[in-house]
Amino acid sequence: MSKRISSYSIERKKARWGWIFVTPTLIFFSLFSFYPIFNALYTSLFKKKLLSLKPPDFIGLDNYIYLLKSPDFWNSIRATVVFTLGTFIPLLIFSLIFAIFVMSRKRFQNFFQIAYYSPAVLSSVVAAVIWLLIFDPRGLGNQWLNLIMNSPGIDHKWLANSVMVQMSTMLVYFWKYVGYFTIIFIVGLASIPQSIYEAAKIDGANDWKNFWYITLPLLKPTTILVSIISMLQCLRTFSTQYLFTQGGAPLGPINVITLNIYHTAIRDHRIGRASAMSVILFVIMLLFTWVQFKSSRADEISY
Amino acid sequence: MKKLFTIFLFVLLLSMTVNAAANMEITFWTHEDPNRTEIENRYIAEFEQANPGVTIKRVTSGSGKIQELILTAFAANQGPDIFNMSIEDEYAYIVNERLSPVDFEAAGYPSLQAIYDAYVPGVLDPVTYKGKLYGLPLELTNWCIYLNKKVFRDGGLDPEKDYPKTWEEMVEVSDKIAIREGEILNRRGFDFRYPYYLVSTVPMVEQLGGKLISDDGKTAIVNDEAWLKFLKFMQEWGPNGKILGSPTYTNARKLFNKDNNDIGMCLTGLYQQGRIRSDNPDFYNSGDWMVVPFPIFENAVKDVPAAYYGHYYMVNGQKSEENQKMAWKFIAYMLSHGEEYLTKVNIVQPTVKLMESETYKSMPYSKVFTDDMAKGHVVYYGENSAEIQSLIREAVESVMLAGVSPEDALKTLKRKVQEVLDEG
């Protein structure tokens, strides 16, 4: 009996220390994540103007109903989906390829890691400004492509064509984040025990078989992690699209949900409607993350 | 002992209160303009010396960024004491009652009427709301065409005779001046100021008989034919038409000062002269630039130049009464230097005295601006004017760049602007 009491008190002691360590983070998240989420949910039920000092009118789900009927909002969903698919799939594939390439190098491994990772250090705003200069009609983008394609004088309309401007935003995002995910894959690859490859070698497996039957299955947790992070990053994309439209690019093709939220709140002063849009984006992100987690749990890896 | 402690506490609180009153900080947010910064920093030093204990904190931001900074600050009830923006961005602050009405006594006027009498008739109308005055103008600006004579001559044109009087001539002249490498423009004849559609492109529609909002304020986008013609003109101007310009090229107004043979004409106000003078004194003194009126369409039904707009100094109504009074006193002090603003910054404060002064009349090309202003009207302003401007931008840039037909763009524009009007 006394043994049970003492183990119970040790458990309690452990739990107390657990709470002490977790509390600062909980306070931080409560202030900067949970409060804004609940506040946005609450605000989305009101017709509220950003500058108005009058009490806002309660309108229930009207903001959501308006959005679901709005062609602009559906265009934003389209732009976000196109951007996310067009960016996160290449990001996933190429960061894995680059990671394998870096790991297979005997020399200059560090150099390649720094080279791939360096764009991720830049802020998104700086990256977009650099690319705005490249995409200027008289900029390096046209000059390089015309040199490679031997097509002098062609304006590839990086920002001045509805398809090209979408490609341009994807290109900037890909360039900025591919190194970051490459590093995550490198860590994942390094954690696979060498003994498995050695055993496979004894059994006569070649590099291709190693990749398909050892590397890829054992890399599944990293792949899931990268796919979730990259997809969430893509869904939250803002600064590239914002700066490109400031630089003269047409809004419609790249009016992703976050940009629409910004315009609705800051330009149009409709904070209630913008909050409703952010709640919808939150639900979409939550749903995708849940689906990915669900699928990743199907067969967990252990060495 | 207890009594002594109470007295000590009282003295401490009193000294803190006196200290707080004696040390008043006035925050002043404005857009970047190096020429203004130079003289306003001096006014601040002089004002602080004349009003001990008062500190003016002047903060500048880019002219495209300040709207957002002020808005978010006000939304969090943390707006500055003094700010200025263009009236189409400021009007929402008046309607939402976020501002302090002008304190005529603090501003040094005997009555409110005296302020109205001091300014050119009508210029205070945009800041008069429910019988109260909410702003004093830092500048009243209209835009005309600045022209680089060297570029004209290089294009085989005589700037004095061949400058464009109509938009059709603007296309022809720009085509002659343009230097292209295939589809890429290395030198543009002219290009628009793309984000500012209410100021410069709505008047083009009005020349053709169209209107942004009907006279009764209930219908948006009046006269489809005029709007369609305007949208088609812009489509032809862009990279999918005659390749004369595009929002994706560097802002023409910025390039103009450099005199680098990459732009022939740009659209801007009298203030540009001050900027040319400080950016490129050789070009300013060369006499190789001139200013001509805003063009009109050949078959225009109305002669409408670019709309004029005001930047008004405003005071945050959420600040203490003392701060509001001091803010108006400081604004009046700055605005008492109208001639210096004109000669050093080239911005016009529309007081009767200044507009009739020899200093204004002797400014290069001031007559061109005055004549255009006399024919024009103030820019469209309303609670949602900034939103409407963005919708026009979306429409124009969709036909110029995104391959949307003018008919579809017009349909979308009409629907969206009408929705803004209906929602209020």
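In what order do the five strands of the open sheet in chain B lie? The order is S8-S9-S12-S7-S13, and the pairing is mixed. The model behind this report is predicted.

## The sheet of chain B

Two strands form the edges: S8 (179-181) and S13 (289-292) of chain B. Each of these pairs on one side only. From one strand to the next, the twist averages 30 degrees.

Look next at S7 and S12. Strand S7 covers residues 144-148 of chain B, and strand S12 covers residues 263-268. The two run antiparallel and are joined by four bridges. For B:Tyr146, the bridge partner in S12(B) is B:Cys266.

## A helix pair in chain B

Helix H2 of chain B spans residues 34-50, and helix H16 of chain B spans residues 338-345. Their axes come within 9 Å. The axes cross at roughly 145 degrees, and the crossing of H2(B) past H16(B) is right-handed.

Which residues of H2(B) meet H16(B)? They are B:Asn35, B:Arg36 and B:Ile39. On the H16(B) side, the contact involves B:Glu340, B:Lys344 and B:Val345. By class, the residues of this contact are three charged, two nonpolar and one polar.

## Where chain A touches chain B

How many residues does each chain give to the contact? Chain A contributes 27 residues and chain B contributes 30 residues. On the side of chain A that touches chain B, 13 residues are nonpolar, nine are polar and five are charged.

How values were computed:
Residues numbered from 1 in each chain as written. Chains lettered and ligands numbered in written order. Predicted model: local features only at pLDDT ≥ 70, side-chain atom pairs only at ≥ 80, totals over all residues. Axes fitted to C-alpha atoms, helices over the stretch in contact; angles between N-to-C directions. Left-handed = near helix turned anticlockwise from the far one by under 90°. Contact = placed C-beta atoms within 7 Å. Nonpolar A, V, L, I, M, F, W, Y, C, P; charged D, E, K, R; others polar. Pairing = 2+ DSSP bridges.
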